[in-house]
Amino acid sequence: MERNDLEKIRLEKIDVMRAEGIDPYPTTTYLTHRNQEAILAFEENEKAGNEEQVKATLAGRIRAMRLMGKIAFSHIEDGTARIQLFFRINEIGEAGMQILKDLYDLGDYIEAQGFLFRTRTGEISLHVQSFRMIAKAVTPLPAAKDEMVDGQVVRHATLNDPETRYRQRYADLAVNPQVREIFRVRASTVRAIRDFLDQMDFLEVETPILQPIYGGAAARPFVTFHNQLKQELYLRISFELYLKRLIVGGFDRVYEIGRDFRNEGVSYKHNPEFTQVEFYMAYADYQKVMEITENMVAYVCDQVLGKRILEFRGNTIDVTPPWQRLELRQGIINTTGIDINAYPTAEGLEAAMKEKGYPFKPGSPRGKLVDALIGDYLEPTLLQPTFLYDYPRDISPLAKSKPGEPSTVERFEGFVAGMELCNAFSELNDPLDQEQRFLEMGNEYESDDEERHPMDEDYLRAMSYGMPPMGGFGMGVDRLVMLLTNQQTIREVLLFPHLRKLEE
RNA sequence: GGGCGCGUAGCUCAAUGGUAGAGCAGUGGCCUUUUAAGCCAUUGGUUCAGGGUUCGAGCCCCUGCGCGCUCACCA
């Protein structure tokens, strides 16, 4: 591969090392402590008043180097902490000092053996007695100078260009500790969701990602092909239909945390693949699921942040239950003045929207028009956690109708900070009604072939065996992590967000 | 897919159409013992790519590529 001048200098250093019999990439590291452990061990020893020094062999990446003639200071960093190394010619010798000067660069991994002490400025450091290269870096990290001021890392320039940060996430993570922190929060979030559901006796399961029939949402799928079976397969757009089959099978409470794939546009809140948690709970309805939802999000905040107040886009958001409950119809009346119940047909609603000057796509099904009113006018106003409930039947083919209101279903969506976070309903368990819904959806979206909800005969068969009443729930984990970390785009909470391929 | 903006040294950024610069990083030197964002010197460029206008283009025009914002799309 092509190397720039900085890299060529380092490659020459590798040649020198090999010529001198030094392996720049040895296999074994003999560290006795991770950096954080060493710092704690020193502090404990100091507190106990022991005369005896704490000996340690540490390892990490060189993030700063200050050569001062006969002494030198360096900061190294491992996954736990940054610690200072102190080199003195008395211990490492003139040859050692020369090697340090000639062969070591920022970004290299070093192993250093010595004893812990405090410098005159009070910083816990390792007084190095011997050291060696454990991995030479050829490419310099994309960061300029670092220093410690009052225990804080101060960086004078760092990798900032979003394209480079996403394409070379490894470099981004290596130089931007706040980016690493986002993904620690992400891991804690997933763990907290799992803990919460496990504590409620939900069973975690895994269902197919490659599916012969996709379903459970209205989205365009990715299509792939199994060569040996000579069969088209779809990457799942939701877990829903498989998880509900498991309820039929006798697992009363199931959940899955995994990846969904939707072949649609990208935006600050959409990525072609995203992480979803779905759960299904027999003998529960959507009211019960609302309670579980608000408790779950509050639990996650407690576990991950230790508080229930979030800052997001300058808004202060309190996720403490109970969340506001707002009937969808009323919410739309409040923000647009249109009572959707007064317009049972698409044509009627379209006329009403036209009269009020709201934009719409002519010829849309009624549900799409309602969706447009929600997305454009209602959703942005829902800053504090809000459950919007009771949706039109025709955009909810898997949800159960409200008793006595055939055109409305028991469905809610949770909104936080003006962003849709989750979607849930009392699940439709009447196989005859379900078959009818599939047929209606087929007709409704006939013009829009790719987004049509395909008939799933096997799912209907499962339901025909008898499906208990249940509540179901789905939440975008990426969006929750955005909220918890105050990130404005989904790309910041994805380790490797999708970018267009570069021409080579 | 549309609109707007951006793309200059390893990183962060400058540069009226008139010799492409700075800071940091790098390289060389100074520095005899607890800090340094140190001091002195110095290297480094296909200005995203390809065309065009012009005596002369990083800058103006066209095309392409990539990224960002935004609209569309999006349960």
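This report describes the domains, nonpolar cores, strand pairing and aromatic contacts of a predicted model.

## Basis of the model

Local features require pLDDT of at least 70 and side-chain atom pairs count only at pLDDT 80 or more, while totals for chains, interfaces and linings use all residues. Residues are numbered from 1 along each chain as its sequence is written, chains are lettered from A and ligands numbered from 1 in the order in which they are written, and side-chain values use heavy atoms, with hydrogens and water left out.

## Domains

Chain A is divided into domain 1 (5-156) and domain 2 (179-323 + 384-493), with bounds that come from an automatic or database domain assignment. The C-alpha centres of domain 1 and domain 2 lie 48 Å apart.

## Nonpolar cores

A nonpolar core is a set of buried Ala, Val, Leu, Ile, Met, Phe, Trp, Tyr and Cys residues joined through side-chain atoms within 4.5 Å. Buried denotes under 20% relative accessible area, exposed over 50%, and partly exposed in between (1.4 Å probe, protein chains only). The largest such core has 51 residues, and Ile193, Leu197, Phe279, Met296, Phe473 and Met475 have the most contacts inside it. Helix α8 (residues 286-305) gives the most to this core, with ten residues; helices (H or I, at least four residues) and strands (E, at least two) are DSSP runs numbered from the N terminus. Apart from this core lies another, of 37 residues, including Leu243, Ile374, Ala399 and Phe438.

Contact means heavy atoms within 4.5 Å. Not counting residues up to four places away in sequence, Phe473 touches Val277, Glu278, Phe279, Tyr280, Val289, Thr293, Met296, Cys422, Asn423, Ala424 and Glu427.

Strand β12 (residues 253-261) is mostly covered, with seven of its nine residues buried. Two strands pair if DSSP finds at least two bridges between them. Strand β8 (residues 203-204) runs parallel to β12 and is joined to it by two bridges, with Glu204 having Tyr255 of β12 as its bridge partner. The pairing of β12 with β13 is antiparallel and extends over nine bridges; here Tyr255 stands opposite Phe279 in β13.

Thr275 lies in strand β13 (residues 273-282) and is buried, at a relative accessible area of 10%. Leaving aside neighbours within four places in sequence, the contacts of Thr275 are Arg186, Ile257, Gly258, Arg259, Met475, Gly476, Val477 and Asp478.

## Aromatic pairs and charges over rings

Rings of Phe, Tyr and Trp (its six-membered ring) pair if their centres lie within 6.5 Å; planes under 30 degrees apart count as stacked, over 60 as edge-to-face and the rest as tilted. The count by this rule is 13 aromatic pairs. Tyr104 and Phe131 form an edge-to-face pair, 5.3 Å centre to centre with 70° between the planes. This pair links distant parts of the chain, 27 residues apart: Tyr104 in the loop between α3 (89-103) and β4 (109-118), and Phe131 in strand β5 (residues 124-135). Tyr104 is buried at 7% relative accessibility, and Phe131 is buried at 17%. Phe196 and Tyr299 form a tilted pair, 5.6 Å centre to centre with 50° between the planes. Phe196 in helix α6 (residues 177-199) and Tyr299 in helix α8 are 103 residues apart. One aromatic cluster is formed by Phe73, Phe86, Phe115 and Phe117.

A charge sits over a ring if NZ of Lys or CZ of Arg is within 6 Å of the ring centre and within 35 degrees of the ring normal. Arg245 lies over the face of Tyr242, at 4.6 Å from the ring centre, and Arg253 lies over that of Phe202, at 5.9 Å.
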